[in-house]
Amino acid sequence: MKDQKDISKQIRREALKKNWTLFKQSKLGMIGLYIVIFFFFLSILQPILFATGLWNKGVYDPVVGYSEQFQEFLVVECPTEYPTEKYDSITDCPGRNEINVRTLFYSDAEVGDTIIQNLQPAPPSPKHILGTDSLGRDIFSQIMEGSQVAFILGLLSATLGVGISTLLGTIAAFFGGKVDAYLMRQSDLILMLPTLPLLFIISAFAELQVWHLAVVLGTIGGLGGSVITIKSQALQVKVKPFVDSARITGGSQMNILFSHVLPNVAPLALLFMVFSVTGAIASESVLSFLGLLNIDMSWGLMIYLAQVEGFIFSGMKFWWLILPAGLSVTFLTGGFYLVGRGLDEVFNPRLRNR
Amino acid sequence: MNILEVRNLNMSYKTIDGMVEAVKNVSFSVKEGESFGIVGESGCGKTSVAMSLLQLQADNGEITSGEIIFDGKDIVGLNESELREIRWSGISIVFQGAMNSWNPVVKIGEQIREAIREHYPNKTKDENSKKIIELFDIVGLDQSIMDRFPHELSGGMKQRAVIALALSCDPKLIIADEPTTALDVVIQDQILNEIRKVQQVLGLSLIYISHDIAVIAEMTDNMAVMYAGRIVELGPTKDIFSNPKHAYTKSLLESTPSVVGDKVKLKSLEGEPPSLINKESGCSFAPRCPYREDTCNPSLDMKLVEVGIDHYVDICSAGKSQ
Amino acid sequence: MLKYVFKRTYQLIIVFFLFLVSSYVLFDSIPGNAFQNLLLNPQLPPEAYEQVIKLYGLDKPLSERVVLYIQNFFRGDFGYSYKYYPKTPIELIAERLPRTLMLFAMVNIIAFYTGFLIGKILAWRRGSKSETWITVTSVFSYTVFYPWFALMMLWLFGYRLGWLPIGKFLYPEKWYDAPFDSDVVFMSMIKFVAIASFIQVLAYVFTRNIESLSLRRNIRSVAFLILLIGSYLFWNSGNQNILRPYAMDIAYHMILPIFTVTVVAFAGTALLTRTTMMEVMKDDFILTARAKGLSQKRIRDRHAARNALLPVVTSFIFTIVTIIDGSVLTETIFSWPGMGQLILDSVLQEDIPVAMATFSFIGVFALIAHFIADISYAYLDPRIRIQNQG
């Protein structure tokens with residue numbers, strides 16, 4: 001029996017290698033993988049930088065860090081009508097190195113003086129690669145923090161969701177009858193509920209933190225439509241002859257479930273998981289963007305702050321407040337999606353190039 | 001008059017594991033009105049030959065060298081639009097597992113019409129309908145089939161319809177690649193009769209591909225035996241059956257049970273066909289050859305040599321005694 | 001067969017019932033209620049609050065309220081909106097629904113059409129360099145962070161370039177002396193679009209059986225031209241002439257939201273089409289089509305795409321189900337007062353009758369959409385059609 005275990009291990013190892021070769025062939029999958037690895041690298045970079053002391057926590061912490069950037073400003077008075085000689089529109093005044101005298105409450109400076117003020121939010125500089133936000137916090141550090149949040153939340157909720165739907169789907173396929181009918185109706189019910197409003201309701205009566213959100217998203221996702229798909233996949237396996245032969249040779253129900261049905265459903269479940277991650281990250285970002293999430297820092301929150309503080313319509317003047325966060329969400333979710341597509345090619349030979 | 005001449009055709013597939021040489025140096029010819037058979041085991045390259053004739057090989061397949069002369073013209077170097085003219089109206093094909101040849105969401109009649117419209121765009125709808133009814137008559141199908149969807153027909157009916165489809169543009173040459181493999185023996189017999197009747201009535205040339213040597217015996221005038229991408233024996237069917245020269249051909253014949261005569265123990269060949277990835281020169285059959293001797297030179301390149309009237313055999317076996 | 005239909009319908013009713021109950025309980029569990037502001041008003045005695053609560057029956061226990069609500073629901077009585085009293089939820093929905101429909105009907109049609117086209121082409125050109133990059137771009141278009149993207153679009157086209165209006169669906173100044181409501185204009189616009197598409201679909205269906213391809217195409221183009229001319233005449237005639245500038249105003253405001261959502265929506269369809277096409281392309285009948293000497297374009301469109309249509313159309317119908325869900329974000333960002341905004345507001349303000357009504361609407365909508373999906377699938381796939389007939 002020892003030989004058998006070794007043999008099956010070896011077979012599994014070779015199968016993994018073969019799958020990896022197939023995955024490598026998929027251009028989409030590889031691009032996605034690189035992106036995901038890049039963001040993963042970002043998320044572990046931050047604690048490393050702190051731990052090794054390369055970054056001073058006081059300055060670079062994404063939530064409570066503070067960085068002072070003093071700069072000389074010319075005091076000007078902004079006109080009431082535009083355009084003028086100096087300024088084309090209201091957003092041009094005050095300019096980069098100027099400050100409107102009307103915003104100076106605690107100073108006696110006059111128009112024409114130069115004063116030294118703290119520049120927040122500060123544009124990118126060697127010290128802060130992506131600049132700082134209006135509270136003096138380093139943007140790059142925030143991006144990395146957001147990356148951590150995205151990964152944790154995404155993977156947690158995806159695993160939970162897939163776990164639930166795989167379990168329920170296989171049970172529905174296997175036991176049929178009333179159990180099946182009940183589970184299908186339950187999925188219908190969940191499908192009928194509109195997701196976003198539902199999340200609003202939940203966030204209205206419970207201050208959600210990252211963990212809570214992950215659990216909620218995972219549960220809703222797991223109980224929803226994916227149960228139906230997994231069930232139909234499990235059904236296909238159930239009618240295959242090898243399941244019957246397993247039963248004849250005395251395999252218990254549990255045994256059949258785990259060693260036969262689950263491995264065949266696994267590819268589909270894996271695919272679901274990857275696509276769930278994209279949904280989870282997107283949902284979190286949307287909720288943070290609307291200010292409904294009790295979370296210290298995330299990409300969605302960064303954009304929320306930018307909007308609330310009125311920087312959105314400043315356009316390219318404060319691009320570092322808006323672009324990095326938005327692009328990060330876009331690319332990380334896109335990356336996971338591409339990985340999912342790559343996996344699709346591994347599991348479905350019809351989709352391969354040759 | 002040779003309707004088709006294949007000279008030194010080489011075709012390979014690009015795969016992750018390397019270049020697979022599926023067709024090696026294949027040459028044969030088919031006269032007008034003749035029925036030509038290609039026999040060999042699975043993977044010997046016979047389907048690849050068929051696909052090459054119409055340049056329908058998969059995306060990773062490529063004809064590396066050789067000529068295919070159809071009706072006096074070499075079709076290897078032609079571009080896509082020129083090839084499209086030849087397809088179906090010059091050469092048509094009945095695929096293996098032809099039952100899946102039908103688009104499930106389009107009616108049978110419409111799919112045949114489509115082919116006719118492509119090559120004869122000026123015919124009217126009535127003319128086309130009449131033609132289809134004629135074709136159905138030949139293959140023994142009722143004309144109501146025209147308005148049916150593929151899934152409404154049985155396997156045998158679909159197969160007949162495929163033959164009708166293959167005839168729709170009056171081709172000069174039809175390739176039948178294992179057309180009856182998926183059918184039961186009774187239907188198989190019927191289909192074979194249909195094909196033979198069609199061929200005789202319309203004077204078409206036919207290339208019949210099969211792994212079933214008995215069918216080849218019944219259906220063909222001349223034949224080729226393929227192994228590992230090469231032709232090992234080529235000649236008139238009667239000659240090859242009464243006087244097989246190559247060791248492989250002999251093994252094929254010996255492994256087919258006969259209904260008449262004494263019960264004889266079947267001899268099967270040991271071993272497996274070689275991998276087509278390794279570019280080995282020399283006799284690819286040597287490892288399995290039951291007649292292998294020390295004098296048999298495994299590195300001798302394979303080449304066809306005449307041993308009878310139009311009867312060619314690979315050089316290795318030519319020197320052998322019976 | 002009939003037995004199955006009955007069983008399904010009865011299950012459906014139970015599910016819907018559970019849906020109503022769970023929605024109500026869910027809404028009820030949000031702390032606070034719509035009238036708490038009354039308590040904050042120093043000029044009102046606390047009894048005023050009590051009175052209002054009693055008036056709306058909010059002092060009764062939850063179980064009683066649920067039963068009452070269900071009873072009233074099936075009687076057709078949905079109560080009155082708390083916030084927009086004396087409007088009933090039905091009135092509010094009737095007011096808002098056309099606006100959302102207009103926007104998202106246009107988006108879905110355009111997105112579906114372009115998505116299918118692009119997905120079809122992508123799958124056919126598999127492996128070429130351009131295919132990879134276009135597909136990757138489509139993926140990012142699909143996963144783009146929508147609020148951020150919408151804000152960027154708003155900023156770019158509304159603010160920076162000033163080409164399109166920033167939010168809302170009309171310029172209030174232009175409508176001060178309008179002889180009618182925006183709803184009237186909306187309704188006529190919707191009617192117009194509906195009739196136009198219906199005529200186009202009819203033209204398509206009637207020309208299906210024409211033998212010659214070029215003739216078929218010509219007739220369809222002619223039909224489309226006639227439609228264009230007819231539209232022009234329609235909008236310049238009598239009554240419509242007065243409506244026209246207002247309709248134009250609304251249409252002008254629709255451009256940006258439609259464009260923004262379409263960019264995100266088409267990518268989903270394109271990617272699904274691409275995957276489905278890739279699977280279909282490996283089928284044997286595609287090889288036969290090639291052997292028949294058909295042109296690449298014809299094989300791609302008539303054979304491969306036609307078979308890929310089935311799953312894509314099904315997903316399209318399911319997308320329609322999520323229209324209202326998806327519209328929440330768009331309508332909030334673009335200040336487009338439609339169903340999505342209604343739901344969001346009613347949930348946040350605890351306007352329970354409206355919230356319940358909209359939720360129920362979504363539920364019914366989902367059920368109907370599932371039903372339509374089943375039918376259209378049967379229509380498109382002759383295998384299922386024959387089964388049901390025979």
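This is a predicted model: local features need pLDDT of at least 70, side-chain atom pairs count only at pLDDT 80 or more; totals for chains, interfaces and linings use all residues.
## Burial and chain make-up

A residue is called buried here if 20 or more other C-beta atoms lie within 10 Å of its own, exposed if 12 or fewer, and partly exposed in between, with C-beta atoms placed from the backbone. Residues are numbered from 1 along each chain as its sequence is written, and chains are lettered from A and ligands numbered from 1 in the order in which they are written.

Helices (H or I, at least four residues) and strands (E, at least two) are DSSP runs, numbered from the N terminus. Chain C has 16 helices and zero strands, whereas chain B has ten helices and twelve strands. Two residues count as in contact if their C-beta atoms, placed from the backbone, lie within 7 Å. For contacts in chain C with a separation of 6 or more, 73% come from residues 24 or more positions apart. In chain B, 65% of the contacts between residues at least 6 apart in sequence join residues at least 24 apart.

## Where chain C meets its partners

Let's start with chain A. This contact takes 36 residues from chain A and 40 residues from chain C. On the chain A side, at least two residues each come from α2 (27-51), α5 (177-192), α6 (195-205), α10 (253-289), α11 (299-308) and α12 (319-347). Of these, α12(A) gives the most, with eight residues. By class, the chain A side has 22 nonpolar, ten polar and four charged residues; Ala, Val, Leu, Ile, Met, Phe, Trp, Tyr, Cys and Pro count as nonpolar, Asp, Glu, Lys and Arg as charged, and the others, Gly among them, as polar.

Chain B touches chain C as well, with 24 residues of chain B in contact with 18 residues of chain C. The elements of chain B that give two or more residues to this side are α2 (80-86) and α3 (108-119). Here α3(B) gives the most, with four residues. The chain B side divides into ten nonpolar, seven polar and seven charged residues.

## A three-stranded sheet in chain A

Chain A holds an open sheet of three strands in the order β2-β1-β3, with mixed pairing. Two strands pair if DSSP finds at least two bridges between them. The edge strands are β2 (98-100) and β3 (114-118), each of which pairs on one side only.

Strand β1 (residues 70-76) runs parallel to β2(A), joined to it by three bridges. Which residue of β2(A) is the bridge partner of A:Leu74? That partner is A:Glu98, and A:Val75 stands opposite A:Ile99 in β2(A). With β3(A), β1(A) pairs in the antiparallel sense over five bridges, and A:Phe70 has A:Asn118 as its bridge partner there.

## The nonpolar core

A nonpolar core is a set of buried Ala, Val, Leu, Ile, Met, Phe, Trp, Tyr and Cys residues joined through C-beta atoms within 7 Å. The largest one has 237 residues, and those touching the most other members are B:Val94, B:Ile163, B:Ala164, B:Leu173, B:Ile175 and B:Ile207. The largest share of this core, 16 residues, comes from α10(A). Leaving out residues up to four places away in sequence, B:Ile163 touches B:Val94, B:Val139, B:Glu194, B:Ile195 and B:Val198.

Helix α13 (residues 323-334) of chain C is mostly covered, with nine of its twelve residues buried. Among them are C:Ile323, C:Val328, C:Glu331 and C:Phe334. Just after α13(C), C:Ser335 takes a positive phi of about 50 degrees.

Helix α10 (residues 238-280) of chain C includes C:Asp249. Is C:Asp249 buried or partly exposed? C:Asp249 is partly exposed, because 19 other C-beta atoms lie within 10 Å. Apart from neighbours within four places in sequence, C:Asp249 is in contact with C:Leu170, C:Tyr171 and C:Lys174. The C-alpha atoms of C:Asp249 and C:Trp175 are separated by 9.6 Å, with the two residues 74 apart along the chain.
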